Amino acid sequence: MAIATILTAALVASCSGGSAESKPKGNAAQIPPDNSSNSMLNVTVKAMWMYGGFKGKKWGADPVTKRITEKTGVQFDFSGPDGDGEQKANVMLISGDYPEVMWMDRGPTWDNYVNSKALLPIDVLAAKYGYDKLIGTFIPQHVVDKLKHPDGHLYGIPNWFSDKGELSVGRTLMLREDIYEKMGRPDIKTIEDFEAYLAKVRNANLSTTNGEIVFPLGLDYNDGSFIEMSNMWGSKNKDYRYYDEKEQKVKFFMFNESTKDMLLWLNKMYREKMIDPENFSYNDGMEQEVRSNGKWAASFSSIWDYWTPNAVLKKTNPGIYYKAYPIPAGKDGVKPYMGGYSTVGWNVAVITKNAKHPEAIMRFFNYYMSPEGQMLSFYGIEGETWEMKDGTPVLKQNAYEEFQKDWDGYSQKTGVRYLELNQYQKYNWEKQSESPDRQEDRRIAELFKFDGTDLSVLSIDPNSKAGIVWANIQSGLLTDIAKVLIADSAKDARARLEELLDKYAKMGIKDVEEEWTKQYQERQKLK
């Protein structure tokens, strides 16, 4: 039975020292003996980034990884899965043949590793080796508290975590600027305003630069897109769920009235030929190609999804590009939202019980997560790619420009954001160094964010009855949504939607909601 995994991957951290060891409890694996000495002799750690398409990072090929080895005596031997990372991780777990350190999504696979006692608790390692600042200082206490497993231990070091969701959300209304200008730049404050705009574009029979039809509205065809778009109707859906204030329960987002409104509205747009009919067959690469051709007049996308397409389009015509605009309200009297941020970030790094060098691994993470390590990872070598101004690190202008020309090449050459293993947004230079147009796009997207951390950290034991139900529901969700969107009539769309909700009820979604609610309430008590 396929287990769909959703969020973040685990990266575990710390360093050397020596203090009293707290004993692991619950699901924590016993800490193995360290095969390295306390000296700074170089240690090579086997590590895997659990995502298909991993671009190999060669340690020592850039100045930053060289500097990290000088400081810690540690280097990584990176690898990635040949295919699906989740499947690979589960196979490795069964065989027991997994590397010392892994980066993986939070979700069922991570839970399986924890429950199988395959992971070492970061908090226990930090106490054992004397890295007291790692937990609570380098990784803020509010992030640690949110990420802790129910047994009280921390099993992953977060990546792209933040204090208030800074630089974490980007989805908003993206309009092709030349078309918006051609249509007279009408106000788009409500969903009715937006409908009128889309109809105007449709009736204009516009063509792209290569002769294709311009469709008024394009969709990012993935679960996350539909979850976030539903928030235009005033809800705060996050990671497949929402909190029902009235009933004080966590519920599946498909039962939220805002989600129903959104799906029926999209069906209306589809029936009125506003939406690209090929939209439901695009993969990520094809969507990017469509954007680069200017095939959509509008979409609800992340601002960074248009950075590369904008560069491509401007080469053909400097006046053709996409720009962020405020999202319309789905109905009267509601405050529209879009992306919910999570202060615990995206994925995590984990240290497994196969670690031959737990002390050395902790030495690396303690340094990497420190202010010095984070600035090194984000900015590169001081004096070469950045300088300190009034106590603040600033990326040199020429460095930013070169970085934008060739992200991968410049990154490996200078080490600037080459690793990006476990990043703290506090040190991210993007907001201060980005071009004014990107800064303005970010500002608009962040007007509609909300804190969804409490919902994002909930999980379900994938081997439990509720976990199996959830895996089955989630694996077919995108297909279920598409069936509603392409219905031939409003009546048919409503019928299909009700059939889906009835199907989820019969499959046992209530068991899933009860587990989410139980976890949510337990975590609230710890605040």
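Two strands count as paired if DSSP finds at least two bridges between them. The model discussed here is predicted.

Q: In which sense do S3 and strand S14 pair, and over how many bridges?
A: Strand S14 covers residues 348-351. Within this pairing, Met102 stands opposite Val350. S3 and S14 are joined in the antiparallel sense, and the bridges number four.

Q: Which strands stand at the edges of the five-stranded open sheet?
A: The order is S2-S1-S3-S14-S6, and the pairing is mixed. An edge strand here pairs on one side only. The two are strand S2 (74-79) and strand S6 (157-158).

Q: Which residues of strand S3 are buried on its two faces?
A: In a regular strand the side chains alternate between the two faces of the sheet. Strand S3 spans residues 101-104, and both of its faces are covered. One side has Val101 and Trp103; the other has Met102 and Met104.

Q: Why is one side of S8 and of S12 left without a neighbour in the sheet?
A: The open sheet of four strands has the order S8-S11-S7-S12, with mixed pairing. Strand S8 (215-218) and strand S12 (322-325) stand at the edges, so one side of each has no neighbour in the sheet: each has a single partner strand.

Q: What is the average twist in the sheet S8-S11-S7-S12?
A: This sheet is open and has four strands. From one strand to the next, the twist averages 25 degrees.

Q: Which residue of S11 is the bridge partner of Thr172?
A: Strand S7 (residues 171-176) pairs with strand S11 (residues 296-302). The sense is antiparallel, over five bridges. In S11, the partner of Thr172 is Ser301.

Q: How are H14 and H15 oriented to each other?
A: Two packed helices are described by the angle between their axes and the distance between the axes. Helix H14 (residues 397-405) and helix H15 (residues 407-414) have axes that come within 5 Å and cross at roughly 130 degrees. The contact involves Ala399, Glu402, Phe403, Gln404 and Lys405 of H14 with Trp407, Tyr410 and Ser411 of H15. The two helices are therefore oblique.

Q: What separates Glu402 and Lys405 along helix H14?
A: The two form a salt bridge, with the closest N and O atoms 3.4 Å apart. Glu402 is partly exposed at 35% relative accessible area, and Lys405 is exposed at 66%. Being three residues apart in the helix, they are separated by about one helical turn.

Q: How many residues apart in sequence are the parts tied together by Lys431 and Glu446?
A: Their side chains meet in a salt bridge at 3.2 Å, N to O. Lys431 is in helix H16 (residues 430-433) and Glu446 is in helix H17, so the pair ties together parts separated in sequence by 15 residues.

Q: Is Glu446 buried or exposed?
A: Its salt-bridge partner is Lys431. Lys431 counts as partly exposed, at 43% relative accessibility. Buried means under 20% relative accessible area. At 14%, Glu446 is buried.

Q: What is the distance between the closest N and O atoms of Glu434 and Arg442?
A: Both residues are buried. Glu434 forms a salt bridge with Arg442, and the separation is 2.9 Å.

Q: Which side chain of opposite charge is nearest to Asp441?
A: Asp441 is found in helix H17 (residues 436-446). Beyond neighbours within four places in sequence, Asp441 is in contact with Met174, Ile303, Lys323 and Ala324. Asp441 is buried yet has no salt bridge. At 5.0 Å, the nearest opposite charge is Lys323.

Q: Which elements do the buried residues of H20 pack against?
A: Helix H20 covers residues 477-485. Its buried residues are Leu477, Asp480, Ile481, Ala482, Val484 and Leu485. They pack against helix H8 (223-229), S10, helix H9 (257-271), helix H19 (465-475) and helix H21 (490-507).

Q: How far apart in space are Gln248 and Gly333, C-alpha to C-alpha?
A: Gln248 is found in the loop between strand S9 (241-244) and strand S10 (249-252). Gln248 and Gly333 are 85 residues apart in sequence. In space the C-alpha to C-alpha distance is 23 Å.

Terms used. Residues are numbered from 1 along each chain as its sequence is written. This is a predicted model: local features need pLDDT of at least 70, side-chain atom pairs count only at pLDDT 80 or more; totals for chains, interfaces and linings use all residues. Side-chain values use heavy atoms; hydrogens and water are left out. Buried means under 20% relative accessible area, exposed over 50%, partly exposed in between (1.4 Å probe, protein chains only). Lys and Arg count as positive and Asp and Glu as negative; His and the chain ends are not counted. A salt bridge is a side-chain nitrogen of Lys or Arg within 4 Å of a carboxyl oxygen of Asp or Glu. Contact means heavy atoms within 4.5 Å. Axes are lines fitted to C-alpha atoms, for helices over the stretch in contact, and angles run from 0 to 180 degrees between N-to-C directions. Angles under 35 degrees count as roughly parallel, over 145 as roughly antiparallel, 65 to 115 as roughly perpendicular and the rest as oblique.
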